[in-house]
Amino acid sequence: LINELLPADDFIERHKNAKENAHGKVKKGDFITIDRSIALDHLYGYIHQDKLRLESGGSRSRQKARKWQFRRSPHRHFDKTLDDVMRAFLLWATVAVEKNGANLTNVTRAFRRIEMYADWLEDEGN
């Protein structure tokens with residue numbers, strides 16, 4: 001069935017790309033913070049900035065901006081909010097740096113990951 005929907009080479013290539021991008025990397029210029037509320041605000045800021053960038057483009061670009069509505073996200077079916085979804089991605093991008101419990105959150109890394117999720121939802125989520 002999968003071969004009918006997606007050629008084998010295409011499936012393997014997508015799987016390899018997803019696997020390589022699954023963990024993400026810290027890149028120069030990433031915004032990293034210890035404060036969770038600042039992390040959430042910045043994540044929403046990155047999303048808003050990307051949405052504005054896409055909306056200022058052509059009709060195809062404006063259509064791509066719809067991904068940030070998360071209209072196909074299943075979070076509502078689980079009585080969760082969009083904030084809950086954002087916090088999950090921020091948690092994924094958080095690492096413990098000290099034994100005393102200090103954690104650093106790479107907000108830019110969380111944005112890159114949630115952007116892949118939003119693209120996937122828009123492309124595949126029905």
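**Salt bridges, strands and a surface patch**

Biologist: R87 and D84 both lie in helix α5. How many residues apart are they?
Modeller: A helix here is a DSSP run of H or I with at least four residues, a strand is a run of E with at least two, and both are numbered from the N terminus. R87 and D84 are separated by about one turn of helix α5.

Biologist: Before we go on, what pLDDT do local features need?
Modeller: Residues are numbered from 1 along each chain as its sequence is written, and side-chain values use heavy atoms, with hydrogens and water left out. This is a predicted model: totals for chains, interfaces and linings use all residues, side-chain atom pairs count only at pLDDT 80 or more, and local features need pLDDT of at least 70.

Biologist: Which residues do salt bridges with shared partners join into one network?
Modeller: One link is between E122 and R71, whose closest N and O atoms are 2.3 Å apart. E122 lies in helix α6 and R71 in the loop between α4 and α5, so this pair ties together parts that are 51 residues apart in sequence. E122 is buried at 17%, while R71 is partly exposed at 35%. The network is made up of R66, R71 and E122.

Biologist: D30 also forms a salt bridge with R112. How many residues apart in sequence are the parts that this pair ties together?
Modeller: The closest N and O atoms of D30 and R112 are 3.0 Å apart. D30 is in the loop between α2 and β1 and R112 is in helix α6, so the bridge ties together parts whose separation in sequence is 82 residues.

Biologist: Now the strands: which residue in β3 is the bridge partner of T33?
Modeller: β1 and β3 run antiparallel and are joined by two bridges; strands count as paired if DSSP finds at least two bridges between them. On the β3 side, the partner of T33 is T105.

Biologist: And what residue in the turn of the β2–β3 hairpin has a positive phi?
Modeller: Strands β2 and β3 are antiparallel with three bridges, and A96 has N103 as its bridge partner. Six residues lie between the two strands, and the turn residue with a positive phi of about 100 degrees is G101.

Biologist: Last one: what is the area of the nonpolar surface patch that includes L104?
Modeller: Patch residues have over 30% relative accessible area and no salt bridge, with nonpolar side chains (Val, Leu, Ile, Met, Phe, Trp, Tyr) joined within 5 Å and like charges within 9 Å. L104, in strand β3, is partly exposed at 31%. It makes the patch together with V26, I32, I34, V95 and V97. By the Shrake-Rupley method with a 1.4 Å probe, where only the protein chains shown count as cover for residues, the area is about 510 Å².

Conventions: Salt bridge = Lys/Arg side-chain N within 4 Å of Asp/Glu carboxyl O. Buried < 20%, exposed > 50% of the residue type's maximum accessible area, 1.4 Å probe, protein only.
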